[in-house]
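My notes are below, in the order I looked things up.

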Amino acid sequence: QVQLVESGGGLVQAGGSRRLSCTASTGAFAAYAMGWFRQAPGKEREWIASISKEGFRTDLRDSVQDRFTISRDNIKKTLYLQMNSLKPEDTAIYYCAALRGWGTTMYDYFGQGTQVTVSS
């Protein structure tokens with residue numbers, strides 16, 4: 001069992017930055033590729049970014065590739081999402097997930113989410 005807790009959400013002005021964190025409750029964190037997802041009001045949840053177990057490989061959605069960075073610290077059991085140049089359309093609940101493997105968006109564990117609101 002892996003419990004994931006996101007933090008770092010809040011209200012930010014367009015053009016601003018925010019860093020989200022996702023802390024795992026167990027050392028098994030290092031055994032998982034990890035991902036970030038988001039769900040905007042009235043829209044389906046979408047995948048944002050993935051990072052391999054060791055952190056050597058990353059993949060990001062086209063719409064955020066030039067603005068967001070995913071990283072991880074396996075010693076701290078924490079996943080990060082650095083978000084720059086935020087836009088109102090980035091407003092969503094952001095979730096982290098322990099993925100079933102690299103190259104898939106299927107997950108074994110999911111966090112409770114943290115709200116990010118970008119004002120114009």
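Entry 1: I began with Glu6, whose bridge partner in β3 is Cys22. Strands here are DSSP runs of E, at least two residues long, numbered from the N terminus, and two strands pair if DSSP finds at least two bridges between them. β1 and β3 run antiparallel and are joined by four bridges.

Before going on, I noted the ground rules. This is a predicted model, where local features need pLDDT of at least 70 and side-chain atom pairs count only at pLDDT 80 or more, while totals for chains, interfaces and linings use all residues. Residues are numbered from 1 along each chain as its sequence is written, and side-chain values use heavy atoms, with hydrogens and water left out.

**Entry 2: the open sheet.** I then traced the strands across. The order is β1-β3-β8-β7, four strands in an open sheet with antiparallel pairing. β1 (4-7) and β7 (68-73) each have a single partner strand and stand at the edges, so one side of each has no neighbour in the sheet. From one strand to the next the twist averages 15°, taken from axes that are lines fitted to C-alpha atoms, with angles from 0 to 180 degrees between N-to-C directions.

I looked up Tyr80 in β8 next. Ser21 stands opposite Tyr80, and Ser71 also stands opposite Tyr80. Six bridges join β3 to β8, and six join β7 to β8 (residues 78-83); both pairs run antiparallel.

**Entry 3: the loops around β8.** Which residue in the loop between β7 and β8 did I stop at? I stopped at Lys77, which lies in that loop and has a positive phi of about 55° although it is not a glycine. Lys77 is partly exposed, with a relative accessible area of 26%; the cut-offs are under 20% for buried and over 50% for exposed, with partly exposed in between (1.4 Å probe, protein chains only). Ser85, in the loop between β8 and β9, has a positive phi near 50° and is not a glycine either. At 41% relative accessibility, Ser85 counts as partly exposed.

I listed the contacts of Leu79 (heavy atoms within 4.5 Å). Leaving aside neighbours within four places in sequence, they include Leu20, Cys22, Phe29, Met34, Trp36, Ile70 and Cys96. Phe29 has something else on it: the charged end of Arg72 sits over its ring, 4.5 Å from the centre. The rule there is CZ of Arg or NZ of Lys within 6 Å of the ring centre and within 35 degrees of the ring normal.

Entry 4: Five bridges pair β4 with β5 in the antiparallel sense, and Phe37 has Trp47 as its bridge partner in β5. Their hairpin has six residues between the strands, and Gly42 there takes a positive phi near 75°. β5 goes on to β6 (residues 58-60) through three antiparallel bridges, with Ser50 opposite Asp59. That hairpin has six residues between its strands as well, and Gly55 in the turn has a positive phi of about 90°. β5 is mostly covered, with five of its six residues buried.

**Entry 5: rings.** I counted aromatic pairs by ring centres within 6.5 Å, using the six-membered ring for Trp; planes under 30 degrees apart are stacked, over 60 edge-to-face and the rest tilted. The count comes to five pairs. Tyr32 and Tyr109 have ring centres 6.0 Å apart and planes at 85°, so this pair is edge-to-face. Tyr32 lies in the loop between β3 and β4 and Tyr109 in β10 (residues 107-110), so the pair ties together parts 77 residues apart in sequence. Tyr32 and Tyr109 are both buried. I also found Phe37, Tyr95, Tyr107 and Phe110 in one aromatic cluster.
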